[in-house]
Number of protein chains: 2
Amino acid sequence: MSQSKRYLDIVRDIRDMIRQEKIKPGDRIPSERELAETMQVGRSTLREALRSLELLGLIETRRGEGTFLSDYRNHKLVEVLSTFVLQDNQSHEDVFQTRQLHEMAAIQAICENEAASQMRVWDSFRLRLKGESFQREDFVRELMVLSGNRLSLKIWFLLKQYSGNPYEGTVSSEEIDRMNDILTAIERQDADTAIREFKAWSEWLQKERVRNGNYS
Amino acid sequence: MSQSKRYLDIVRDIRDMIRQEKIKPGDRIPSERELAETMQVGRSTLREALRSLELLGLIETRRGEGTFLSDYRNHKLVEVLSTFVLQDNQSHEDVFQTRQLHEMAAIQAICENEAASQMRVWDSFRLRLKGESFQREDFVRELMVLSGNRLSLKIWFLLKQYSGNPYEGTVSSEEIDRMNDILTAIERQDADTAIREFKAWSEWLQKERVRNGNYS
DNA sequence: TTTTGAAAGTGGTCTGGCCACTCATATCCT
DNA sequence: AGGATATGAGTGGCCAGACCACTTTCAAAA
């Protein structure tokens, strides 16, 4: 099996090892020399696999200390991929649309959930909206979390990074009004309105970014 | 600058080289030995960078031939999603909802696209619907493709596999009626109806699977 | 007890080599 | 002459061994 490409087997083996041995983020994994021997493979080949995993942000290596399993939320993947891939307008558009798709679906889910739409979260939101340092991203992330779909949340998280911090910065006074409208619609479980308002804000923000040339 | 981690510099250098020399997808990039020399770096280090890029799907290496720049659109974003995000215990429900989400969004996109909703594809569909061997999966996949969002298509494909062939089998006569309704709605660009009908079918099918215990 | 420094362990890198494979070219046989 | 075959150059895949730079540890020295 697996004709050529030993390093790919190693990537898989390491992944399996991490699962089976229940290695948690932050834990140390065996040294390169040790792994190379147990896997019956040259150290350079093993390193090719490790470097790949490191570029993905799955592991973190510290000279003189060892190799550690890192928190997957810190992956550098998006950085690398975006610098290579995002020259393509179609890709850029696809990412935006897909991200927006998950966001709107989250709002839909929240509105359909009787309990969620009556939570105190909304009051808390409004309070924070008045504060100085309310970040756009907090607003959207909270919505994603409240949707209850963890898979969707994770996909959204990756896409967000991939498109280069689309929600960077704090909200302006105009945006506060928009957000209040969205929250109000959610509270009365009016999904259509909430989504329409959100979409309008989302696309306004996107145009704003393009105008300011906020691309990497 | 960039103390330690030469291979990261190389990743960047290669990217710059690709841009400046206007290397297009499918083109061949210099050999490992050649690159190593021009970049004043050992071949093993150079290889670590190349393997990383390969794992991301940015380049393609063929033994005996060389290294080639691969199509940006083949980036491994979704594959990464699968290994890093899908690995932990996700409920079937999350996967189902997210898959359905992408499907409904595809229908929405098709309906909003004037050209797509007037394509001949629909006639072709109807013809095939009458045939014996019409697979459920063909129907949905075609919709995903027609949506035009390749990223969404990839995510859908992944989720479909992950949930164990939800569209296995051929359509029954009852389903043919459902599908005809969906197609008709799409043709008159009635997204709401099309989505509602699709959702009904999708959830009916899901219940059918649960009843038959068709889980992987 | 505190400081120091040597040793062990680790990742980072390079060199040089061998193998397996592809391809273009030259050569040989019919 | 034309088609099959052998050869050699070029390429990626892999390995062993060697340094280097760095962090940790712990025992010896102050």
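1. The sheet of chain A. In this predicted model, chain A holds an open sheet of 3 strands in the order β1-β3-β2, with antiparallel pairing. Its edge strands are β1 (28-29) and β2, each of which pairs on one side only.

2. The pairing of β2(A) with β3(A). Strand β2 of chain A covers residues 59-62, and strand β3 of chain A covers residues 66-69. The two pair in the antiparallel sense over 4 bridges. A:Thr61 stands opposite A:Thr67 of β3(A), while A:Arg62 has A:Gly66 in β3(A) as its bridge partner. In the hairpin that these strands make, 3 residues lie between them, and A:Gly64 adopts a positive phi near 85 degrees.

3. The setting of A:Glu54. This residue belongs to helix α3 of chain A, residues 43-56. Is A:Glu54 buried or exposed? Its relative accessibility is 11%, and the cut-off for a buried residue is under 20%; A:Glu54 therefore counts as buried.

4. The partners of A:Glu54. Which residues does A:Glu54 contact once its neighbours within four places in sequence are set aside? They are A:Ile59, A:Thr61, B:Lys5 and B:Tyr7. The side chain of A:Glu54 makes a polar contact with the side chain of A:Thr61 at 2.7 Å. A polar contact also links the side chain of A:Glu54 to that of A:Arg51, at 2.9 Å.

5. Chain A as a whole. The chain has 10 helices and 3 strands. Read from the N terminus, its elements follow the order α-β-α-α-β-β-α-α-α-α-α-α-α. Of its 216 residues, 49% count as buried. Among the contacts in chain A with a separation of 6 or more, 66% are between residues 24 or more positions apart.

6. The sheet of chain B. Here too, 3 strands form an open sheet in the order β1-β3-β2, and the pairing is antiparallel. Strands β1 (28-29) and β2 (59-62) of chain B stand at the edges with a single partner strand each, so one side of each has no neighbour in the sheet. β2(B) is joined by 4 bridges to strand β3 of chain B, residues 66-69, and the two run antiparallel. B:Glu60 has B:Phe68 in β3(B) as its bridge partner.

7. The largest pocket. The space in the largest pocket is about 1600 Å³. It is lined by 44 residues, and those closest to its centre are A:Leu101, B:Leu101, B:Met104, B:Ala105 and B:Gln108. The elements that give two or more residues to this lining are α5 (89-112) and α10 (191-212) of chain A, together with α5 (92-112), α7 (136-147) and α10 (191-212) of chain B.

8. The make-up of the pocket lining. Which element gives the largest share of the lining of the largest pocket? That element is α5(A), with 13 residues. By class, the lining comprises 15 nonpolar, 17 polar and 12 charged residues.

Key
Residues numbered from 1 in each chain as written. Chains lettered and ligands numbered in written order. Predicted model: local features only at pLDDT ≥ 70, side-chain atom pairs only at ≥ 80, totals over all residues. Heavy atoms only, no water. Buried < 20%, exposed > 50% of the residue type's maximum accessible area, 1.4 Å probe, protein only. Polar contact = N/O pair within 3.5 Å; in protein donor to acceptor, adjacent residues only side chain to side chain. Contact = heavy atoms within 4.5 Å. Pairing = 2+ DSSP bridges. 1 Å grid on protein atoms, 1.4 Å probe; cavity = no way out; pocket = protein on both sides within 12 Å on 5 of 7 lines; lining within 4 Å. Points joined across faces, edges and corners; volume = space filled by probe spheres on them. Nonpolar A, V, L, I, M, F, W, Y, C, P; charged D, E, K, R; others polar.
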